[in-house]
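Visitor: Hi! I'm new to this one, could you walk me through it?
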Amino acid sequence: MAQTSKINENTWRIEDGGVRCFLLEGREKALLIDSGMTMPNARTVAEELTTLPLELLNTHADPDHISGNAAFDRCYMHPDEAAAYRKSGMTNTVVPVREGDVIDLGDRPLRIIHIPGHTPGSIAILDEKNRVLISGDSVQGGGIFMFGEGRSMAQFVGSMTHLLEYADRFDTVYPSHGPFPVDKELVEKLREAAEEILAGKATGEYTDLFGNKVWQYKFPFAGFFCEPPKE
Ligand SMILES: [Zn+2]
């Protein structure tokens with residue numbers, strides 16, 4: 001069962017087990033950001049919170065973010081997620097959103113920031129009026145999945161650097177997993193940690209993650225699950 005709670009007068013968080021979705025209202029419409037892992041009824045859950053016309057955006061296409069997509073005719077998503085999304089079997093229309101695009105909910109512009117690394121088409125959403133960054137899986141205090149097809153630590157570093165260019169436009173970060181909210185200082189910490197990993201200076205260890213043998217790097221503020229190093 002999803003747990004919903006109000007963050008402020010026009011923003012809600014929807015907790016679906018280990019993953020978090022958000023509902024944002026503007027003057028004219030509402031936007032559901034991600035549709036959870038075990039929430040085929042995500043649309044109904046959102047419509048219990050808002051009476052405005054409802055649209056859907058996905059931060060990326062990993063399976064824990066799209067479980068309720070089928071109830072929507074269309075979803076906003078970065079085009080670099082399309083291949084992974086189609087593999088999931090979803091058939092609805094993808095409305096591409098790219099770096100610099102703005103979705104205006106009515107006096108609530110949301111700016112799209114492309115942050116590849118965790119996945120090729122991961123995006124963050126800058127809620128400019130509320131000075132909030134909605135970060136998907138890329139900026140979070142939990143374990144960031146960086147193993148498997150399409151993940152890139154080098155791109156992740158670039159994306160954290162890119163987010164820092166917006167640092168004077170948000171005060172807090174709403175992530176999809178782990179503690180909520182997180183400090184914006186986490187962006188810089190993750191950038192440094194990812195650089196350490198890339199440079200071979202971080203220490204990791206094997207761990208089992210849902211049956212995958214992966215290489216885990218632990219930092220005091222977050223972790224990364226990566227491909228094991230080549231022997
Ligand atoms: Zn996720």
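Visitor: Which strands does helix 3 lie across?
Guide: Helix 3 (residues 153–164) lies across strand 9 (109–114), strand 10 (123–127) and strand 11, at about 145 degrees to strand 9. Helices (H or I, at least four residues) and strands (E, at least two) are DSSP runs, numbered from the N terminus. Angles run from 0 to 180 degrees between N-to-C directions, with axes fitted to C-alpha atoms, for helices over the stretch in contact, and contact means heavy atoms within 4.5 Å. This is a predicted model: local features need pLDDT of at least 70, side-chain atom pairs 80 or more, while totals for chains, interfaces and linings use all residues. Residues are numbered from 1 along each chain as its sequence is written, and side-chain values use heavy atoms, leaving out hydrogens and water.
Visitor: In what order do the six strands of the open sheet come?
Guide: The order is 8-9-10-11-13-14, with mixed pairing; two strands pair if DSSP finds at least two bridges between them. Strand 8 (102–104) and strand 14 (182–183) are at the edges with a single partner strand each, so one side of each has no neighbour in the sheet.
Visitor: What is the bridge partner of T172 in strand 14?
Guide: That's D183.
Visitor: New topic: which residues coordinate the zinc ion?
Guide: D64, H65, D137 and H177, at 2.0 to 2.8 Å. Donors are N, O and S atoms within 2.8 Å of the metal (3.2 Å for Na, K and Ca); water is not among the atoms, so sites may look incomplete.
Visitor: Is D137 buried or exposed?
Guide: D137 counts as buried, at 5% relative accessibility. Buried means under 20% relative accessible area, exposed over 50%, partly exposed in between (1.4 Å probe, protein chains only).
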